[in-house]
Amino acid sequence: MIFYGNGVSKGIAIGEVFLYQPVLPAPQQAHYEGDAAPFLEQYEQFCAQARGQLQSLRDQMAKSDPEKAAIFSAQMELLCDEVMEEEIRDAIQYDAWMPGWAVESVYSRYEQRLQKAKDPFIRERAADLRDVKGRLLRICYGIPEQSLASLEKPVIIAAHDLLPSDTAVMDRAHVLGIVTEIGGATSHSAIIARSYEIPAVLGVPSLLSQLSAGEKVILDAVDGVLISQPEPHQEAAMRQKQEAYRQQAAQIKKYLHKQPLTADGTRIEIGLNIGSASPQELEGSAVTDFVGLFRTEFLYMDSDHMPTEEEQLAQYQKALLEYAPRPVVLRTLDIGGDKTLPYFSLPQEQNPFLGERAIRLCFAHPELLRTQLRAALRASTAGQLWIMLPMVGSIEDIRQAKALLEQAKQELREEGLPFDEDVRLGVMIEIPALAVIADLVAQEVDFASIGTNDLCQYLLAVDRMNPAVSRYYQSYHPALFRLIGNAVQQFNQAGKPVCVCGELGGDPLAAPVLVGLGLRKLSMSLSSVAAVKRALAGFTLKQMEEMARAVMGITGSQAQAYLQRCAESLEAENSETN
């Protein structure tokens, strides 16, 4: 039988299935009679035990992987969330609910809220809530915790989902691959699978009911396929594909530390997209030229309060010091609409993607931008800081932001606090209107970066989070490439830097086209760097310009097929050379 899902961590694995189905309590509504005090005390004891377990997990992970340890720090914050704790205590004290039912009800309600968010990063936080809830309920009902820490032999793990606590203790030496019924490219399972280079296919519906423990399967995470009980000829063919993939991956890795050069020697600058200044996020410093996108919203989303000026200052300084004297592009706060903060009230909107978000939200609440600009300016003495404004739609937006930046500078001057007077100010081009008037924009700002994800969404009028219309979201649509080309041309003519920091920048198929359109700066996640460097090395500038002209004159599906043929032709040439 063949199952289809989303290959989120490339690779191929062949082996036995390990069905991971931890027992999770399912409390029923239950009430007590009498005094609430002993039941409140029980709840406090459950929380204390859970805190102890999370602390132990955090300390254990901190020795080997500080970034993963941060997952459990975040879960400890959820466990101690004042709002949820108060609701649970009130339910026990005033509604006479048993502690288990109170935990189940309150946590499930907040979990459902997060799952409805359009932003995938917020949706994935629901997994943390579910993880903490499960831990509390297991303690409450005395159910022992299952673990992937001591697998007896190499297996392919099949599960409904893998929570952070599952993957944190996972015996990686015995995990050949991962397949789950739910989860996407931004889930904890996907992130950890990629970081450990474990093949993973997620989002395979009704998987567990159709697999048997110990049966042999093939996990093809290159094409997003799982084959159960394979025939001998299928296994033989897949082993050949597995070996070919290993050889290809080994060749790609060789490019990680190479200079990003085209086939005719043109140097392309490669930037890194980061969400924090943790050592793991910044480890790409050795193989990239700059930080093309520092998503500062994660400092806010991973906190239980509005980050102070000093807290932001410390994070920005870390990134600047690591890259100095190379540039760090800091994107100002990009929340609003579907990106909510639990400690900051936002208006309910029918269409949050077109609502009061990003720079619009900061204009409505200038104290947010003021604090962030002050922190960024103060950090600028540690390196070369570039400030980028998201969701800008007009020249008026730019001028209003300039005025706020100048006010922040004046405050710091009056307070005698040092900062770099020559900090560059730029915009993220993600609203089509800004790309159309790129010639005017280039006269107002010092640089621009193109956010292709939202630019494509707004240009094609497609909600990229809605699976019902996913076929209309065409990353290789000729209109998108034409719009990018216009913006690049105008900024190049003005002598101003322009970069792509959206998903297309890290796409090995699209990267040559972007260079062919005139871009000389691309920014991406670390996992894409080697593949993009290799793709760029395979073509001359003239060939890339021809590819750019070609994709602007055909349909999006034709463009994808054409670029795939170009890549396969390059692959064949490399194979002959090697």
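Visitor: In which loop does A358 lie?

Guide: In this predicted model, A358 has a phi near 55°, a positive value in a residue other than glycine. As for its place in the chain, A358 lies in the loop between strand 11 and helix 11 (359-364).

Visitor: Is A358 buried or exposed?

Guide: Buried means under 20% relative accessible area. A358 falls under that cut-off and is therefore buried, with a relative accessible area of 1%.

Visitor: Is Q229 buried or exposed?

Guide: Q229 is found in the loop between strand 8 (225-228) and helix 8 (232-253), and its phi is near 45°, a positive value in a residue other than glycine. Exposed means over 50% relative accessible area. Q229 is therefore exposed, with a relative accessible area of 58%.

Visitor: Which residue with a positive phi follows helix 16?

Guide: Most residues other than glycine have a negative phi. Helix 16 is followed by a residue whose phi is positive, near 55°, namely A461.

Visitor: Which elements are included in what covers the buried residues of helix 16?

Guide: The buried residues of helix 16 (residues 452-460) are T452, D454, L455, C456, Q457 and Y458. Their cover includes strand 13 (424-429), helix 14 (432-436), strand 14 (447-450), helix 17 (478-493) and strand 15 (498-500).

Visitor: Which residues does a cis peptide bond join?

Guide: Most peptide bonds are trans. In the loop between helix 10 (309-323) and strand 11 (327-331), where P325 has its place, there is an exception to consider. With omega at about 0°, a cis peptide bond joins A324 and P325.

Visitor: What is the relative accessibility of D90?

Guide: D90 lies in helix 3 and is among the residues of the negative patch. Patch residues have over 30% relative accessible area. D90 counts as partly exposed because its relative accessibility is 31%.

Visitor: Which residues is E85 in contact with, leaving aside its neighbours within four places in sequence?

Guide: E85 has its place in helix 3. At 11% relative accessibility, E85 counts as buried, the cut-off being under 20%. With neighbours within four places in sequence left aside, the contacts of E85 are Y43, C47, R51, L79 and C80.

Key:
Residues are numbered from 1 along each chain as its sequence is written. This is a predicted model: local features need pLDDT of at least 70, side-chain atom pairs count only at pLDDT 80 or more; totals for chains, interfaces and linings use all residues. Side-chain values use heavy atoms; hydrogens and water are left out. Patches are made of residues with over 30% relative accessible area and no salt bridge: like charges are joined within 9 Å, nonpolar side chains (Val, Leu, Ile, Met, Phe, Trp, Tyr) within 5 Å. Accessible areas come from the Shrake-Rupley method with a 1.4 Å probe; for residues, only the protein chains shown count as cover. A salt bridge is a side-chain nitrogen of Lys or Arg within 4 Å of a carboxyl oxygen of Asp or Glu. Lys and Arg count as positive and Asp and Glu as negative; His and the chain ends are not counted. The place of a charge is taken as NZ of Lys, CZ of Arg, CG of Asp or CD of Glu. Helices (H or I, at least four residues) and strands (E, at least two) are DSSP runs, numbered from the N terminus. Buried means under 20% relative accessible area, exposed over 50%, partly exposed in between (1.4 Å probe, protein chains only). Contact means heavy atoms within 4.5 Å.
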